[in-house]
Amino acid sequence: MKIHEENITKRILIPLGLTLLILLTISMISIYWLQRLHFNEDIERHLKEVEQLFQMKLDEDAKVLESQINLLQLDKNLQEAYLAQDRETLRRHAAPFFNAIRAKYQVTHFYFINLDRMCFLRVHNPQRYGDIIPRFTLDGAVHKDIPVYGIELGKFGTFTLRMVYPWKIKGKLIGYIELGKEIEHITVAIKKIIGVELFFTVNKSYLNHADWEEGLRMMKRTGDWARFPSVVVIDRTMPVMPQELKAYIGSPSLFSKHKHLTAALKLSIDDKSYRGGFVPLIDAGHREVGHITVLNDISEREAALNLLLFILIGITVLIGGALIGFFYFFISRIETRLVKTRNKLIENDKEIRGQHNFLQNVLNSLSHPFYVINVKDFTLKIANAAAGFDQLKESSICYMLAHHNSQPCNSDELACPLAEIQKTKKSAIVEHIHYNKQGKAVNTEVHGHPIFDEQGNIKEMAVYTIDITERKHEVEKALQEREAQYYGIFNAATDAFLIFNFAKRIVEANFQAQKMYGYSKDEFAILPYKNIVHPDYYPIFEDFLSDIQNSGEFQAESVNIRKAGTAFEVEIRGSTFNYKGTPHLLVVIRDITEHKQMVEKLAQAKEAAEAANYAKSAFLANMSHELRTPLHAILGFAQILEEEKNINSKEAQKSIRIIYKSGENLLLLLNDILDITTIEAGKLQLNPKDFYLHDFLKRIAEIIQLRADQKNINFTCDFQSELPNMVNGDVIRLRQVLINLLGNAVKFTATGFINFKVSQLMNKTFFQIKDTGCGIAPDELKTLFQPFKKIGDYTHKTEGSGLGLSLSKQLIEMMGGQLNVKSTLNEGSVFWFDLILTSDWQQMYEPKSGQVLNLNSADLEKGFDQPISLSTQIFNRTEMVGPSNEVAKMLYNLAMQGDISRLAEEAVKLKKDEKLKPYITKLLQLTSEFKIQKIRDLIKPYINDE
């Protein structure tokens, strides 16, 4: 077959050239259109900028007016004159302020208005008063009771920004203060910032012709009422009004919307081009009373766009010609290569046919069936002789030849390997039943492998099958043997086993279940499950079966019914499992009637034991009280005899001291027993109250110091500086615990030291007692806190009652802490616990009024982490140091203006002065809470008006 080069080149080159021409033309038009689109976007952006800048300037001026009114309303002279309704005095005090803000902020209007909206005084025009003020800003301030501002259209056709402020004295509304200023300066500011021309117009329906003409004469301006049918121009940035604007500005449709108007202007004035639009003017009453015409000079951009269009046309011609020439040369070379490639393909086709025959011979040599299936239509592409499909045809379909079926296999029992491979894109192995030529069923294991195309999609599946009929018979035989073992275990179980299907029917019951319920196996097969469940427990059993089915396991207690009608308590457990190839529910039931009876007896025995223990504690408490009365008499008489001067015998004096000492020890023992029994009886109550922690610790340390000095033991205290001054807790019980623990440390320490450390972390106070005494053996640590348990050597075991540590532990736990101990025999012990003694975290850093902790110079040289000497004293707190008169005035002015952020910044700067820290801390706390009145009260005492 001959290929004509000229025909092919022309057929390709002509449509290609036309396509290039169309694409280049479209590109050129698109670029030009996009530039035009940018013009429109710039117009819309300028309109939004004008609107935003106009509103921003109004907001800025309004804030200035509000700040001035804030100062005005606090002036005492103005308040007194207004409350006295003295108009002349009020004008005299307000006039200097008005002159100042008129010169500085161009304020032109200054009103004092009564609650009935009547003008009490016009400071800018004092001769005129007594008229009712009918303005939107005043209406808003009256109804909302907040400062309101906005632009108001005057009768002379000018806009005035007005701020009306409710005037309150001590929270009571007495009237309104209004400031106003003209807004002509905003026009100049907008033009200067954005660089656009502006025309301000007002709808004639909001003006009176005669008033407008009078306003022109008063302000020495010129204007033409009849130039436009519906609007008048009140301000402009261009010296001359373009005639072309008349068609746009005079249109009544300009007042039909309250957003940016979508209609755009396009004007040519002299040699310049303008594009623009309109921004509505909304007054304080939310009326669209006019609009701002915005014109943007686009002359330079228009010229640049025309130049761009000319350049694009030239580039299009050059690129198109170059591409046509290039493709002519390129296509000619490709056509030559096509001829060579065609001849080579013919030779390759012959070679592929030979390889196909070779591959078919290799496949026919395989002993297992092998074939390739098209995944789209299930047709067979290749099959070897072992497959038994004879000669393949175009209509040879795998499921018709292998399964003798008219549709693909898609059941759960015969999963299609092709479906599995398409789902996972991986090789799959499934079991199938195939049929040979004689129609005999053969169990096969099908191995499927995906074949992908260049895009990674599965296009074919290679399959080979293995006959597993004999292997299936062996597996089934093994399963039968396992099932026999299962039934042996099932029937030998001591618990009742019931198997339910998902329809909640009993399909199997073991021997123990038949014995427990009294039903035979056949009776169970037709028995509704409700026959074995007590009616009160139907819902529990329903939930039980549902939860097993949903979550796979469950356990509960229930009451069941035997065939004879007797009820018994059971524990039921369940799980899901496969029974004969399908999911079932296995329920295990255990008779717990005897177990329940035993638990009930144990509970009764426990209650009896607790009652006996309570009776014991009550008895000990009563006995302790009874013994204390005669014991006090013995101590009293012993003390009298000890002081008796007529008894001179040393032996008698010694005997009296022994009586007194023994009685005192017995009294301590009775007190400990009374506390222990009171706790066990549940009658001991804590009595928390506020106390000074440093003073408390100092007194404890003084008591222990005396005892330590008697044994020549070094006793040190480490009270850290972060400790709170005032705390809340049961001071009596805390003293009892500390004296007991410190007393034990002195008792069991012969040489060395005892350290008493108290520190603070967050809201917890930590107490630690460390000694170098005899220590505690590991086996004694386990029973250390048991009542009447003594520790240490024989000498020390004879001292004390053995109740101190047990009582201390229980008291600390009642106060919310935990007593801990760490000890090494013959080396020493450490006891520690922590308590929450204060609910106010601020107390840690700011002592209560009237108290402050002072340390001497020796303590400061040691540092706060070193032990503090016992000479630490509590002194009266001096008055809080405040700022100087000048600084106080500056802070007070900021507070009066409500400038909290600036006030906080100045306070932080002052915090560097150590003397001012307490004052500045309080001031910063009030600023964070925005309590302006309290801030003023805090600053004012430090201002000296003299």
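**View 1. Six bridges join strand E22 to strand E24 (residues 753–761), and the two strands run parallel.** The model shown here is predicted, so that local features are given only at a pLDDT of at least 70 and side-chain atom pairs count only at pLDDT 80 or more, whereas totals for chains, interfaces and linings use all residues. Residues are numbered from 1 along each chain as its sequence is written, and side-chain values use heavy atoms, with hydrogens and water left out. Strands (E, at least two residues) and helices (H or I, at least four) are DSSP runs numbered from the N terminus, and two strands pair if DSSP finds at least two bridges between them. Cys717 has Phe756 of E24 as its bridge partner. The open sheet to which these strands belong has five strands in the order E22-E24-E25-E27-E26, with mixed pairing. Its edges are strand E22 (714–719) and strand E26 (820–824), each of which pairs on one side only. From one strand to the next the twist averages 10°. Helix H17 (residues 693–710) packs on this sheet and touches E22, E24 and strand E25 (764–771), with its direction at about 170° to that of E22; angles run from 0 to 180 degrees between N-to-C directions, and axes are lines fitted to C-alpha atoms, for helices over the stretch in contact.

**View 2. Phe756 lies in strand E24 and is buried, with a relative accessible area of 0%.** Buried means under 20% relative accessible area, calculated with a 1.4 Å probe and protein chains only. Leaving out residues up to four places away in sequence, Phe756 touches, among others, Leu697, Ile700, Phe715, Cys717, Leu738, Leu742, Phe767 and Ile769, where contact means heavy atoms within 4.5 Å. Phe756 and Trp832 are separated by 76 residues in sequence, and their C-alpha atoms are 10.0 Å apart in space.

**View 3. Helix H17 and helix H18 (residues 731–747) cross at roughly 25°, and their axes come within 10 Å.** The two helices are therefore roughly parallel to each other, a description used for angles under 35 degrees, while angles over 145 count as roughly antiparallel. The crossing of H17 with H18 is right-handed, the near helix being turned clockwise from the far one by less than a right angle. On the H17 side the contact is made by Phe696, Ile700, Ile703, Ile704, Arg707 and Ala708, and on the H18 side by Val731, Leu734, Arg735, Leu738, Ile739, Leu742, Gly743 and Val746. These contact residues divide into 11 nonpolar, one polar and two charged; Ala, Val, Leu, Ile, Met, Phe, Trp, Tyr, Cys and Pro count as nonpolar, Asp, Glu, Lys and Arg as charged, and the others, Gly among them, as polar.

**View 4. Helix H2 (residues 76–83) packs with helix H3 (residues 87–105) at an angle of about 160°, with their axes 8 Å apart.** That angle makes H2 roughly antiparallel to H3. H2 contributes Asn77, Leu78, Ala81 and Tyr82 to the contact, and H3 contributes Thr89, Leu90, His93 and Ala94. Five of the contact residues are nonpolar, three are polar and none is charged.

**View 5. Five strands in the order E2-E1-E5-E4-E3 form an open sheet with antiparallel pairing.** Strand E2 (119–122) and strand E3 (148–153) stand at the edges with a single partner strand each, so one side of each is left without a neighbour in the sheet. Neighbouring strands are turned against each other by 25° on average, direction ignored. Within the sheet, five bridges join strand E1 (residues 109–113) to strand E5 (residues 172–182), the two running antiparallel, and Phe112 has Ile177 of E5 as its bridge partner.

**View 6. Strands E3 and E4 form a hairpin with five residues between them.** Six bridges join E3 to strand E4 (residues 159–169), and the pair runs antiparallel, with Val148 standing opposite Val164 in E4. In the turn, Gly157 has a positive phi of about 85°. E3 is mostly covered, five of its six residues being buried.

**View 7. Helix H5 (residues 184–194) has Ile186, Thr187, Ala189, Ile190 and Ile194 as its buried residues.** Just after H5, Gly195 takes a positive phi of about 80°.

Note on methods. Angles under 35 degrees count as roughly parallel, over 145 as roughly antiparallel, 65 to 115 as roughly perpendicular and the rest as oblique. Buried means under 20% relative accessible area, exposed over 50%, partly exposed in between (1.4 Å probe, protein chains only).
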